[in-house]
Amino acid sequence: MELQKSIFDYLEDLDASESSPDAQEEAVRILTSYVATSIPSIELLIRPFAWKDVWNNAARIIVAQTDTALERYIPQLLIWLTDINWPGADLIFKRLVQFSDEKLEAWIDDAKRWARMDGNLYWEESLEYLRTKRATKND
């Protein structure tokens, strides 16, 4: 897939405070397809920069990817749940509930240890809630 402009221009178009809704939607559509077929890494979409106005749209692109594509980024996605109020955290949470790989449980355990070491009870509770939602998703 050939892009009409640079990937960084599309990232700028994800900015909810600066771009029109139409420009945001086009950037989400193009980047979702591009990430799925052409980019070897989605790292630049995981809480990009300190640019929170982009995070929700970046999360929309991330959650559209396959489990296989997301697997190597699970630790970073769990960090996104440090604050469930961060833009896009709700989308990442819902996607992780649906994640099929059982290895996610071990990653949740690791993240909970980091949360405890950091004294971040809120993050630890978010991770436990994720585990609970995963356990009951098929009930």
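**Reading helix packing and the core**

Colleague: At what angle do α2 and α3 pack, and how far apart are their axes?

Modeller: Two packed helices are described by the angle between their axes and the distance between the axes. Here α2 and α3 pack at about 35°, with axes 9 Å apart. Helices are DSSP runs (H or I, at least four residues), numbered from the N terminus. Axes are fitted to C-alpha atoms over the stretch in contact, with angles from 0 to 180 degrees between N-to-C directions. This is a predicted model: local features need pLDDT of at least 70, side-chain atom pairs 80 or more, while totals for chains, interfaces and linings use all residues. Residues are numbered from 1 along each chain, and side-chain values use heavy atoms, without hydrogens or water.

Colleague: Which residues of α2 and α3 meet?

Modeller: Contact means heavy atoms within 4.5 Å. From α2 come Q24, E25, A27, V28, L31, T32 and V35; from α3, N57, R60 and I61. They divide into 5 nonpolar, 3 polar and 2 charged.

Colleague: How many residues does the largest nonpolar core have?

Modeller: In soluble globular proteins, nonpolar side chains tend to be buried together. The largest core here has 42 residues, joined through side-chain atoms within 4.5 Å. L14, I62 and W80 are among those with the most contacts inside the core. Helices giving two or more residues include α2 (21-37) and α3 (52-63). Beyond four places in sequence, W80 touches W55, A59 and I62, among others.

Methods
Buried < 20%, exposed > 50% of the residue type's maximum accessible area, 1.4 Å probe, protein only. Nonpolar A, V, L, I, M, F, W, Y, C, P; charged D, E, K, R; others polar.
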